[in-house]
Amino acid sequence: MSVNSIIGWDIGGAHVKLCHLPGGDSNAEVRQYPCALWQGMDKLDTVIEQSLQEFDARGCLHAITMTGELTDLFTSRREGVAAILAAMMRHIPEKQIQVFAGRSGFVESASAVQHCDQVASANWLATAMLLADEISEGLLIDIGSTTTDIIPFLASTVLVDSVTDRQRLIHHELVYTGITRTPLMALAEKAPMSDGAVPLMAEYFATTADIYRILGLLPDHADQHATADGREKTVEQSSHRLARMVAADKDEYSDEEWRLLAEFFSQQQQEKIIAACERVLSRCQLPENAPVVAAGIGGFLIAEIARSLGRPCVDFDTCLQADFSQQEFDSTDCAPAVAIALLGRKRLGPVHTN
């Protein structure tokens, strides 16, 4: 089998993203599945089974990256890496699996646990390495459901020394804020209302999905998990959840007041990301005209962030040398899965699995 037929897997703690690069002239496909991995390994088994049925995966090479090892289902990252790979090998022949180990390249699944620090949470590096190959210089900003990655690259080289998520948090290359799953209490301590500033309730009453739904910016397919209160994903119900953050009922204020409050939280989130970008940029000599590359389901925020940074902005998918079928999720939404598939095609060479 040629490596031209490949599936890239980005296995997270809340979602599994896949990119299928078929052989021949067929267009690539991208999909995302909700996977509440913290609830048990059976969640991942179900998604693997479903995806293999939906894709024509017979004989494919499977290139894997992950972040799910950090969920509290596991007592250590090493345990998480081993458990996730064991799940993959329950459904896919071991000889068809290659695991991304960051700058160490791809490794066999049998030896991947020995490279735990390089394998764990390396999906951001796959995206940045692909971009460094394709466009040489830029600042990757990938805003996902839960986190934001901020990675500079120059002269076809990724300009960060961090390996673990802890190191990336310290250096502001990872910001724990995302477009759907971030609790609003993580964005501010108080919020402006027409009758004064209100300290926020420190409770999981509402998330960023609610504010972007109210603002009309959230794509319908982007929010794949239950809401904070288990009720509907509507502007009306999102406004009810937002009201709880300021100890109010929705009907106590106008719809316009809730929209303005949603805008406040969005601005707080953007400022958090901009501040981290400025910290990252201060440590590297990235040319002023090097673009911001927008990736993730929160890509709709990145053009404005790029303007604040004084940089041009391009979408991740415009940097690729691949054609994708039109579908719900696109290559920008699932950038690490796309990157790991394309890197696998470029770097593994001919692979025979039979």
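Predicted model: local features only at pLDDT ≥ 70, side-chain atom pairs only at ≥ 80, totals over all residues.

Tutor: Residues are numbered from 1 along each chain as its sequence is written, and side-chain values use heavy atoms, with hydrogens and water left out.

Student: What makes β3 and β6 edge strands?

Tutor: Two strands pair if DSSP finds at least two bridges between them. Strands (E, at least two residues) and helices (H or I, at least four) are DSSP runs, numbered from the N terminus. Six strands form an open sheet of mixed pairing, in the order β3-β2-β1-β4-β5-β6. In this sheet β3 (29–34) and β6 (106–108) each pair on one side only, and they are the edge strands.

Student: How do you know that β5 and β6 pair?

Tutor: Strand β5 (residues 97–100) and β6 share three bridges in the antiparallel sense, against a requirement of at least two. Within this pairing, F106 of β6 is the bridge partner of F100.

Student: Why is the contact between R31 and E29 called a salt bridge?

Tutor: The term requires a side-chain nitrogen of Lys or Arg within 4 Å of a carboxyl oxygen of Asp or Glu. For R31 and E29 the N to O distance is 3.2 Å, so the pair meets the rule. Side chains of opposite charge can pair when their charged atoms come close. A search of the whole structure finds 20 salt bridges.

Student: Are R31 and E29 buried or partly exposed, and how is that decided?

Tutor: Buried means under 20% relative accessible area, exposed over 50%, and partly exposed in between (1.4 Å probe, protein chains only). R31 has 21% relative accessibility and therefore counts as partly exposed; E29, at 23%, is also partly exposed.

Student: What makes R31 a charge over the ring of F55?

Tutor: NZ of Lys or CZ of Arg must be within 6 Å of the ring centre and within 35 degrees of the ring normal. R31 lies over the face of F55, at 4.7 Å from the ring centre.

Student: Which salt bridge links distant parts of the chain?

Tutor: D133 and K346 form a salt bridge with their closest N and O atoms 3.3 Å apart. D133 is in helix α4 (residues 123–135) and K346 in helix α10 (residues 335–347), 213 residues apart. D133 is partly exposed at 33%, as K346 is at 43%.

Student: What separates E304 and R307 along their helix?

Tutor: They are three residues apart in helix α9 (residues 302–309), and so are separated by about one helical turn. R307, at 55%, counts as exposed, whereas E304, at 36%, is partly exposed.

Student: Why is the pair of Y253 and W258 called edge-to-face?

Tutor: Rings of Phe, Tyr and Trp (its six-membered ring) pair if their centres lie within 6.5 Å; planes under 30 degrees apart count as stacked, over 60 as edge-to-face and the rest as tilted. By this rule the count comes to four aromatic pairs. Y253 and W258 have ring centres 5.5 Å apart and planes at 75 degrees, so the pair is edge-to-face. Both Y253 and W258 are buried. F264 and F265 form another edge-to-face pair, with 5.4 Å between centres and 65 degrees between planes; both are buried.

Student: How do the side chains of β13 point, and with which strands does β13 pair?

Tutor: In strand β13 (residues 292–295), V292 and A294 point one way and V293 and A295 the other, and all are buried.
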